[in-house]
Amino acid sequence: MRSGRADHSARRARASYASPSPSSYPSPPPSPSPSSARRAPSSSSRRRAAAPGPAPSREPAPSHDWAHDIIRAPGTPEAAWAAWAAPRGFPELDLTPLRSVLVVAAHPDDEVLALGGTLARLADSGARLRLVAVTDGEASHPDSTAPLARDLARVRRAEARRALEVLGAPDVEIVPLGLPDTAVARHELSLTERLLGLMSGFDACAAPWTGDAHPDHEAAGRAAAAACAATGVPVLHYPVWAWHWATPGDPRVPWRRAARVPLDAWTAARKRAALDCFASQVRPLGEHPADAAVLPPAELAHFQREYEIVLRHAPGTHEVPEDHEVPVVEPEVPVEGRGTAADGRELGPDEEQRTTEAPGGGV
């Protein structure tokens, strides 16, 4: 039974991190040129952006009508991201002070895709890790008739556990919540409550980016940010689907809050091996189109880099004030890709924030 105090804390947290109106969401990206087209996740993907049901609070759930299309559409090839110089100038996230980290994942594999190398480094340093598995990812292939599709919840939990072992993090505490895949937004308030009770004593929380364009990711990110606002725990948002629909320097992404986690060759190799553990996602379940891999090679390539990116976010704010900022090593070169206005001029800091911040919105 939910206590009155927990309910009040969750509602107060939600109020301090309210969802924006639909008009503040990033607009759909322009269609890529034929030369940049590649296979996008099929409509049977567990991450397809079906419109969420009504939110369990007074704030209406924002519309995601456009999200389904931008995730299914051909995206940005990894070669374009590899050619972008800006990440070399992002400040480096200092993991040394982080002795305990709460990780929130909307689906099994999200945490390894976005932060597998970071988790490996934290585990190597002896940091305490707690993984909150919001859903079991059981809806990844809703139209599949393959035998494996009938047991995906169990399969995906096992894949996630094996991936953590390969990363060298077998002692991660996993807290399964079992919320319904594709419907996290309907349970956002209760998720905030659970996170309030789970993050006490942690140095930081890593959660999906609230502008990622997948409603499960965005709802999980909002719930984490709300809980962090109530507890004072800094949150590190991680993008997943943004690498698909965004472009280098895209003004819809708050690059000014980005920090970089470099991975040495051994850590990068462990991450690639861990990604291969998710057989139900990186390989087809069968021969029917509904059995297609959610993460074909072109999509998986976004997560095989020798660095990872997080978006720093102080609790209850849209900026990262000094008193709550997660430590970074300042870059030696300026950050590129601030974004431009419609007339081609470079955006100023204030304009950039209004344009790129999409905290209500994310793989």
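**Reading helices and loops**

Analyst: This is a predicted model. Helix α5 (residues 152-167) has 16 residues. From first C-alpha to last, α5 reaches 22 Å, close to the 22 Å expected at 1.5 Å a residue.

User: Which residues of α5 are buried?

Analyst: Start with the general idea. An α-helix has 3.6 residues a turn, so residues three or four places apart point the same way. Now the case here. The buried residues of α5 are L152, V155, R156, E159, A160, A163, L164 and L167. Their cover includes α4 (110-124), β3 (128-135), β4 (173-179), α9 (265-275) and α10 (279-282). Just after α5 comes G168, with a positive phi of about 90°.

User: How do I describe two packed helices?

Analyst: Use the angle between their axes and the distance between the axes. Take α6 (residues 188-198) and α7 (residues 215-231): their axes come within 8 Å and cross at roughly 45°. The two helices are therefore oblique to each other. The crossing of α6 and α7 is right-handed. The residues of this contact divide into 10 nonpolar, two polar and two charged. Among them are L191 and L195 in α6, and A223 and A227 in α7.

User: What is the phi of T182, and of A213?

Analyst: Most residues other than glycine have a negative phi. T182 has a positive phi, near 80°. A213 also has a positive phi, near 85°.

User: Where do T182 and A213 lie, and are they buried or partly exposed?

Analyst: T182 sits in the loop between β4 and α6. At 26% relative accessibility, T182 counts as partly exposed. A213 lies in the loop between β5 (204-208) and α7. A213 is buried, with a relative accessible area of 0%.

Definitions and conventions: Residues are numbered from 1 along each chain as its sequence is written. This is a predicted model: local features need pLDDT of at least 70, side-chain atom pairs count only at pLDDT 80 or more; totals for chains, interfaces and linings use all residues. Side-chain values use heavy atoms; hydrogens and water are left out. Helices (H or I, at least four residues) and strands (E, at least two) are DSSP runs, numbered from the N terminus. The expected span of a helix is 1.5 Å times one less than its number of residues. Buried means under 20% relative accessible area, exposed over 50%, partly exposed in between (1.4 Å probe, protein chains only). Contact means heavy atoms within 4.5 Å. Axes are lines fitted to C-alpha atoms, for helices over the stretch in contact, and angles run from 0 to 180 degrees between N-to-C directions. Angles under 35 degrees count as roughly parallel, over 145 as roughly antiparallel, 65 to 115 as roughly perpendicular and the rest as oblique. A crossing is left-handed if the near helix is turned anticlockwise from the far one by less than a right angle, and right-handed if clockwise. Ala, Val, Leu, Ile, Met, Phe, Trp, Tyr, Cys and Pro count as nonpolar, Asp, Glu, Lys and Arg as charged, and the others, Gly among them, as polar.
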